[in-house]
Amino acid sequence: MAKKDPYAALRIKEFNIFLLLRFALVFGWSMQFVVIEWQVYALTKDPLSLGIIGLCEFLPAFLLAPFAGHIVDKKEKRNLFALCIALFSLISFALFWLTSYKVESSWETHTILLGIYGLVFFGGVLRAFFGPTIFSLIGLLVPKKIYPNAATWSSSTWKGANVFGALFGGLLIAWIGVHYTLGIIFLLVILALLLVFLITKKPIFNKDINESVKKSLKAGLNFVFKDKVILGALTLDMIAVLFGGAVAIFAVFATDVLDAGPEGFGILNASLSSGSIITMLATTYIPITKSTGKKLLISVFGFGVFMIIFGASKLLWLSVLALFFSGVFDGISMVVRQTILQLKTPDEMRGRVGAVNSMFVGSSNELGALESGVAARIFGAPLAVVLGGTMTLIIVVIIGFKNKPLRNLDLRKDIETYEKED
């Protein structure tokens, strides 16, 4: 096998443009998530309201994902991505406008909350299309032999944008307030919209225009559920996010457990993703294609361990440290999963597989937010996180024993095959 170039994907101009626009988009998206969570909790002082935000985004994202995958496979990816970004800019502007009003009564509070929930729901509709569109587009920007390297840089860019987006979201709330922070987010989304047109249109591989929606959806679901490796990888990440995640209730920890204020809220959000910086540097040099399955299992297990430590901590520095290492393991898990999906998915099915990935993982973020909010209301935030992390560990062990193809997965042969084809 030829010597690996850790910067192979970065030598492709359009992939660099994609990384830049994705950074701007996710940076703004992460800031918006932080601002919405903070504003809603400030208005209600109820952790359940944070769970409702997750539910509002989960329902449309989950229910529409299969249909979105069908559409993505039939459409040109660049223009579809541009349309999604343009619609997302409308959400950002609407939030900016909505927060310009001063809340002076319970009726106004209720009205603003309904407006936020409605916009989050619309965002969930777009989320159904964003996931499969981005997944499909990445596969068209780089040759197959450097998919692992592209997945590493793409995932690290996403996580890095989360780091700085979450950090600056919390800081800007304290410095300039919610309203003007949302104005900055709108400008970032517009920047991403301008950048996407620097990427050329891409070919459509699924040319079966007479294929019915039912047949198309069935083919995508059958492909995923019959492949134990892909199904196992998606299930692991879904469980980690659903039970092990605690992002939705960070506002509760910052306010009521750690007494850290908005600055601490931003730091907590950033800490979870900041471990990805280490992941980015490491995975570009250290191959993840060797013993791939074992690395995925270990990374999800490690994520669960450090989330338990976070839930039990009463000290800000220990909480930040635990979230940092959770981010390291989460970053590794994300890179490995994306590499598996990119290498194992045929070009003509990328939209549908990306949609199933969104259903398993992307939507579980929102469902996990609901679970966290409900659990925090019943058990209190610290115990809810500890129980969720424990559940993650149990399920990782079960999948590790039951799913032998995933446990023994090694992607080096797949890479060698693509190198020979080129």
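1. Helix 2 (residues 47–74) supplies the largest share of the nonpolar surface patch, five residues. Helices here are DSSP runs of H or I, at least four residues, numbered from the N terminus. The patch is made up of Leu-59, Phe-62, Leu-63, Leu-64, Phe-67, Phe-121 and Val-213, and together they have about 580 Å² of accessible area. For a nonpolar patch, side chains with over 30% relative accessible area and no salt bridge are joined within 5 Å; a salt bridge is a Lys or Arg side-chain nitrogen within 4 Å of an Asp or Glu carboxyl oxygen. Areas are Shrake-Rupley values with a 1.4 Å probe.

2. Keep in mind that this is a predicted model, where local features need pLDDT of at least 70 and side-chain atom pairs count only at pLDDT 80 or more, while totals for chains, interfaces and linings use all residues. Residues are numbered from 1 along each chain, and side-chain values use heavy atoms, without hydrogens or water.

3. Phe-67 lies in helix 2. Phe-67 counts as partly exposed because its relative accessibility is 42% (buried is under 20%, exposed over 50%, partly exposed in between).

4. Now the inside. The largest nonpolar core has 104 residues, and among those touching the most other members are Phe-15, Ile-85 and Phe-310 (a core joins buried Ala, Val, Leu, Ile, Met, Phe, Trp, Tyr and Cys through side-chain atoms within 4.5 Å). Helix 1 (residues 13–44) gives the most to this core, 17 residues.

5. On cysteines: the disulfide count is zero, with sulfur pairs needing to be within 2.5 Å. The sulfur of Cys-56 is 20 Å from its closest cysteine sulfur, in Cys-84, so that is too far for a bond.

Conventions
Buried < 20%, exposed > 50% of the residue type's maximum accessible area, 1.4 Å probe, protein only. Helix = DSSP H or I, 4+ residues; strand = E, 2+ residues; numbered from the N terminus. Patch = residues over 30% accessible without salt bridge, like charges linked within 9 Å, V, L, I, M, F, W, Y side chains within 5 Å.
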